[in-house]
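Work through the exercises below with the sequence and the model side by side. Try each task before you read its solution.

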Amino acid sequence: MSDKSKEKSSSESKARPSSESKENSRRGFMKTATLAIGGVMGAITAVPLVRYFLHPVGRRMVSTPSAPIDIAAASDIVAGAAPVRLPIIASGVRDAWNTANDIAVGSCWVSKSEAGEITAYSSVCPHLGCSISFSEKSDDFRCPCHNSSFNKKDGGRNEGPAKRGLDPLEIKVEEGRVKVVYKRYRNDISDREPV
Ligand code: FES
C-alpha cells in the first residue's frame, strides 16, 4: 500500500469515531428531550385527574345548613322557667359525598326571660366538647367532664378549665316558631372560631 493510501485510511479511521460520538450525543439529547416533554405532558394531564379524584378532600364543604332550623313553638317555652334542652334537627345535612335528612346535628339550651326574650346556648362544652347540663340545684350550667360551670344569665364562665363562656346561638322567631342558627366553634380557645 502506498504512503498516500495509508494516510487516507488513517484519517478516515480517525474521522469515524468523532462522527459516531456526535451521533451518540444527538441521540442522547433527543432521548432526554423526549423524556422531559413526556414528563411535562404527564404532569399536565395528571393534575386535573388527581384533583378530580381527591375532590372534595381538603375543601370546606357544607356540613350543616346555615339556614335557621326550627326547634320549637315560641309558646312552648315558658317565660322565667329553667332552660330546656332542645334537639336541633336539620332537614338536610350534606357532607363531602352524601346528603341526609332529619339529622340531629346538636342540641341547645333555650330559655325565655320574663320579658319574653328567647336565648339559646350550644350544649357543647367550649372546653373539650362534652355535653353541658343544667343544674336546678346550683342554678347554673355544668359540664360533668372537668367541672366547668357557666352562669344562667349570659352563659359566661364561672369556673373550671373552659377558656370561654357557652357559645350563644342566633335565634329568630318567625310566625310563632323559634329557629336557631346552629354553629360549632373550636374547643379550648378563648375566641369563637367557627369550625
Ligand atoms: S369538656 Fe367541659 S369542662 Fe372539660
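**Exercise 1.** Find the bridge partner of Glu174 in S12, and then say what stands between the strands of the hairpin of S11 and S12.

*Solution.* Start from Glu174, whose bridge partner in S12 is Arg177. Strands here are DSSP runs of E with at least two residues, helices are runs of H or I with at least four residues, and both are numbered from the N terminus. Two strands pair if DSSP finds at least two bridges between them, and strand S11 (residues 168–174) pairs with S12 in the antiparallel sense over five bridges. The hairpin of these strands has two residues between them, and Glu175 takes a positive phi there, near 50°.

Before going on, note that this is a predicted model, in which local features need pLDDT of at least 70 and side-chain atom pairs count only at pLDDT 80 or more, whereas totals for chains, interfaces and linings use all residues. Residues are numbered from 1 along each chain as its sequence is written.

**Exercise 2.** Locate Glu175 and Asp139 in their loops, and decide whether each is buried or exposed.

*Solution.* Glu175 lies in the loop between S11 and S12, and Asp139 belongs to the loop between strand S7 (133–135) and strand S8 (140–142). Asp139 has a phi near 55°, which is a positive value in a residue other than glycine. To judge exposure, count the other C-beta atoms, placed from the backbone, within 10 Å of the residue's own: 20 or more make it buried, 12 or fewer make it exposed, and a count in between makes it partly exposed. Glu175 has 7 such neighbours inside 10 Å and is therefore exposed. Asp139 has 11 within 10 Å, so Asp139 is exposed too.

**Exercise 3.** Work out in which order the six strands of the open sheet are arranged, and which of its strands are at the edges.

*Solution.* The order of the open sheet is S1-S12-S11-S6-S5-S2, with antiparallel pairing. Its edge strands are strand S1 (69–73) and strand S2 (84–90), each of which pairs on one side only. Take S1 as an example: four bridges join S1 to strand S12 (residues 177–181), and among the paired residues, Ile69 has Val180 as its bridge partner in S12, while Ala73 stands opposite Arg177.

**Exercise 4.** Identify the residues with the most contacts inside the largest nonpolar core, and the element that gives the most to this core.

*Solution.* A nonpolar core is a set of buried Ala, Val, Leu, Ile, Met, Phe, Trp, Tyr and Cys residues joined through C-beta atoms within 7 Å. The largest one has 23 residues, and those with the most contacts inside it are Ile88, Cys108, Trp109, Ala120 and Val180. Two or more residues come from each of S1, S2, strand S5 (103–112), strand S6 (118–122) and S12, and S5 gives the most, with three residues. Next, follow Cys108, remembering that two residues are in contact if their C-beta atoms, placed from the backbone, lie within 7 Å. Leaving aside its neighbours within four places in sequence, Cys108 is in contact with residues including Leu86, Ile88, Ala120, Leu169 and Val180.
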